[in-house]
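These are my notebook entries on a structure I looked up today. I went through it chain by chain and wrote down what I found.

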Amino acid sequence: MDYTKQIQEIVAKLFAEDKIDVFAGYRMTGFDENQVPVLIQSSGEVSRLVFNDKSVFNLCNYLKYDHTRNKRVGLVVKGCDSRSLNLLLTEGQVKRERLYIVGIACDGVVDEQGNKMQNCEECMFPDALVYDELLGTQHPEGKYKVNSDIKELASKGLVERRAYFEEIFESCIRCNACRHSCPLCYCTKCCIDQETSKLYNGANNTSSAFHALMTWSLHLAGRCVDCRNCEKACPSHLPLHLLHKWNERVIYENFQEHLSGVKEGDRGAFYKYSLQDPDDFIM
Amino acid sequence: MEQLLVPMMCKIDKVIQETPDIRTYRLKFKEEGLMEKFDYKPGQFVELSLLGAGECTFCISSSVTRKGYFDCSIKRAGNVTSDIHNSLEEGDEVGIRGPFGNWFPLEELKGKNLLIVGGGIGLAPLRSLIQYCIDNRNDYKDFTILYGSRTSADLCYKEETKEWQDNKSLNVILTIDKAEETWTSNVGVVPKILEEVVKPVIENTKVITCGPPIMIKYTIQSLKKLGFADKDIITTLEMKMQCGLGKCGRCNIGSTYVCKDGPVFTNEQLKNLPDEF
Amino acid sequence: MNVEIFVTDKAGLQKFYEAIIAKNETYAPVEKFGKFDFKHVSSLSECDPDSPIEKTMSAKPLFFPRSAKILKYTADSSGTTVKETDEDPLAGKRVILGMKHCDARGLQVLDKVYNWDYIDSDYQKRRQNTVVISTRCDKAGTHCFCTSLDYDVQNLDAMDVLIVKGQDGKIFIKARTEKGEDFLKSNPIDSANSKQHPASEEEMKKQYDAFAASFRLKMNYKEINENLSKIFDTPEFENVSSNCIGCNTCAFICPTCHCFKISDEKIKDSGVRYKCYDSCNNGYFTLMAGGHNPRPAKYRRWRQRAMHKFVYYKERFGENLCVGCGRCTISCPVNISIFEVVNQVAKSEK
Amino acid sequence: MEAVANNQLVSIEKPEIVAPPNWEPVIIGILCNWCSYAGSDLTGTSRIQYPPNIRIIRVPCSSRVDPWFLIKSLQTTADGVLVSGCHPGDCHYITGNYFARRRFLVTKKLLSFVGFHEDRVQFSWVSAAEGPKFAKVVAKVTEDIKKLGPLHLYKKENFDK
């Protein structure tokens, strides 16, 4: 999967036709195979753009910063990125007419060791769902698979699971990188940011990590698109996807197979209800 | 470090409502003997903490020459200050750490004419200096105070400014930004009054100014226009601080720690700092 | 330099480590989720003193904990009582195994800020009671650049015992401080050839040369420091910071970042006050209650970070704050490299 | 689980934690103003007895209950939480409890996934006329949580029980 040339051509054309002010893409780090997101402001820099299976980071994250606010933005989206973009559009965070979206029919990206990412193995929507231009050949829609880690953990006993998660929350250093790297966390004041939240003025300790990660994952329940920006950002390499994938599974199985960001105009699972929702757990 | 960060408890002796959103808290140390040992100079600040809500930096607005208490004037602005306003009454307790920072160059000011320019809550650190100078009046020559605020209701220390006005050895000029019916004194922003009404003598004069950032900026401009040298303009900076001990790194401006090297700076020093205050 | 150099082999080193762990309160890198963090250990099998630099968190939290209790308080009708906190868990006598040279340098740098003016007694106590055993890396990591900064990697005062892995499986152990000497006396190395070898000194130097040659990143520190101090207003900072997502990770894992915040945790009438890490990349870092923020834009915060690391601290305390460990680059979700940033900015025109 | 054999009550999540003698659980009850709170009132005025372990907090609607309330309760005093609202279709705000229901399910499942026993958080629909049902619900929740033992997970540090 290498669309470097096509993307460079498209972006050069966009700048020539004055359709965008800034383009969010990827460039090489210059010293290894990994890539750095880059915001390009003029046609002169187009040659820096690349796109291949190392283009991992979800660029929708950049839509919340000053560099792109109130500007006409072009960006590259893979399947999972486009789902988050869909949600941002639905939630009124970005305007469709200000965006030029280069969609990718994605074959899956790889991590730093060169192994295919776990979320790509299980990806249901590899093709960009919202785009102005689609690169690559489209894939058939995948089937919902329960994440293998979730399956494994769920089969364990309560005490074992508790011990495992206690380790996770203990290793959290409360840097909030997960929140900042999440494309869907665009609130300017966040309830897990100690400085802006009046709800929680905690320390950087385990109980605070539990509070923060639980609250955060519940705020993303029914919205998370499994792009795994948070996991890439986590300096302690915590398996944060466990919380999100678990919520996704509960929501998929109980709430009419809801998957976030698939349809335009479809909000998160908590913004709607159905009379058929399960009621048996309530006395 | 953790020990240095533990505050001493103080009792609130008196709460004075200065303006709708500014209150002065008169504090006394709970532990005996501490009040006598608490020695500070005009311009220094303390860390006042409302346990459970947080800690904030406030300058001491009274002078050490008035024994037995010290004042902190607090404007309702953020989370902690709102909590302070909402929950603290006479008899309640707050934690105090300090005093920290440097002070107005009292020795240098001796034998000089003093011009004090304040705006809004910016009078608080200046009040400490004014009280100190009034109590040592013979050390200083002409003493002019120019104080302005947005409306007459926003003027702090109303009782005390009246006393100052009655004091023959002081020249006190008050001003408000917009005309009001009952207001008989000057109307206009501080820099304008400074140029048009005060017309200070430049020779042998030191200017001490404090107020909102925008006021300081224009005041310094007009002072320069009037011909003051940078080293004669003294101001106190406001920066977010957490420790006051030169450790937490919040008050860094370049390699300067405002909590240790400041908060009092001359304009000459400020010019050498990066523009981040 | 009449210090004895002990020569042993791999098995001897293992035994040495085991003896230390059995006898002392020991901290060493323990793996969790693929990342090594310094934890209290009770056997050598738990930890890996030779953990790779790319995957190891710094040892800073052992001296400057992520959250430290300042005080406990309870309030009732008779007033507020401030209680003493529990005893500092990090103040006891202890040994740290497998600390990297860059971390040791980080401690040396931190000593400066903690020992000026108000002396941080807790930090000092932790430093005094700790024996640092530092192993020299065999090979530079992808993002390391410790050799090109303003310090001599071979001779760091913060290392009490230095371990160097020479050729042919030879391992050299050398005490660098009095504390280290005493430590080696009370924890002797079995089966070690303990005579002083001038040749050993040379072999250690050789290992260093091979190590120094393995660096991918090299910079002219002096030039960069000088250039950076002149170009505060360069627009280049805006370019290099444009793709930063402001996630604060770099500050949290940095071995020398020492900014902290004080936060209160309150439940009903009692509470605890903590001192915890904070990051200057956080927009709220300098935001004042009135709404004035001296560093509102991302590039200003980035400038503060880069300049503090490479200029301000040097100006104030005479040392470079960045130790060149490359951890921020490794942890950065968008792979921003501070090495690249300072080089690019230093080259730019004002 | 050996401790259970000795008739000692242990925390189900952390078997190493043994309940003190005569331990009584603390349960936070978050009740909607229009149905469950009125229902609990009726229980009282009808002089129906129910366990005193519950501490009641009144909220406007079950939909007002942020999952955060449950998390904070469990992190401080509570050994268990009961949330109660109007029956589906009876919500004073028409649809509030439908939205709440979704959130409750996800919260409950997530808490049980990270190692809290499922019964630590429980939900019920109690109308204003169901005084006896409220008493029964509280009795059941109390009994359930008594079986689970004290909760000692991620408690805030300054918290002294």
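**Chain C, overall**

I counted eleven helices and eleven strands in chain C; helices (H or I, at least four residues) and strands (E, at least two) are DSSP runs, numbered from the N terminus. I then looked up the radius of gyration of chain C, which is 22 Å, close to the 20 Å that the globule rule gives for 350 residues, so chain C is as compact as a globular protein of that length. The radius of gyration is taken over C-alpha atoms, and the globule rule is 2.2 Å times the number of residues to the power 0.38.

I note here that this is a predicted model, in which local features need pLDDT of at least 70, side-chain atom pairs count only at pLDDT 80 or more, and totals for chains, interfaces and linings use all residues. Residues are numbered from 1 along each chain as its sequence is written, and chains are lettered from A and ligands numbered from 1 in the order in which they are written.

The C-alpha trace of chain C spans about 65 × 65 × 40 Å along its principal axes. Of the 350 residues in chain C, 53% are buried. I use buried for a residue with 20 or more other C-beta atoms within 10 Å of its own, exposed for 12 or fewer, and partly exposed in between, with C-beta atoms placed from the backbone. For contacts in chain C with a separation of 6 or more, 72% are between residues 24 or more positions apart. Two residues are in contact if their C-beta atoms, placed from the backbone, lie within 7 Å.

**Chain C, domains**

I found chain C divided into domain 1 (5–213) and domain 2 (221–347); domain bounds come from an automatic or database domain assignment. The C-alpha centres of these two domains of chain C are 25 Å apart. Between them, 34 residues of domain 1 of chain C are in contact with 29 residues of domain 2 of chain C. On the domain 1 side, strand E4 (67–76) and helix H2 (101–114) of chain C each supply at least two residues. E4(C) has the largest share of that side, ten residues. I sorted the domain 1 side by class and got 16 nonpolar, seven polar and eleven charged residues. Here Ala, Val, Leu, Ile, Met, Phe, Trp, Tyr, Cys and Pro count as nonpolar, Asp, Glu, Lys and Arg as charged, and the others, Gly among them, as polar.

**Chain A**

I counted nine helices and six strands in chain A. A compact globule of 283 residues would have a radius of gyration near 19 Å, and chain A has 19 Å, which agrees. Its C-alpha atoms fill a box of roughly 65 × 40 × 35 Å along the principal axes. In chain A, 49% of the 283 residues count as buried.

The domain assignment of chain A gives domain 1 (4–135) and domain 2 (148–271), with C-alpha centres 24 Å apart. Their contact takes 22 residues from domain 1 of chain A and 19 residues from domain 2 of chain A. Helix H2 (residues 79–90) of chain A gives the most to the domain 1 side, with eight residues.

**Chain A against chain C**

I found 35 residues from chain A and 30 residues from chain C in this contact. E2(A) gives the most to the chain A side, with four residues. That side has 14 nonpolar, 17 polar and four charged residues.

**Chain B, strand E11**

I looked at strand E11 (residues 205–210) of chain B, where five of the six residues are buried, so E11(B) is largely enclosed by the rest of the structure. Strand E7 (residues 113–119) of chain B pairs with E11(B) in the parallel sense over six bridges; two strands pair if DSSP finds at least two bridges between them. In this strand, B:Val207 is the bridge partner of B:Leu115. E11(B) also runs parallel to strand E12 (residues 233–236) of chain B, joined by three bridges.

I followed B:Ile234 in strand E12 of chain B. B:Ile234 counts as buried, with 25 C-beta neighbours inside 10 Å.
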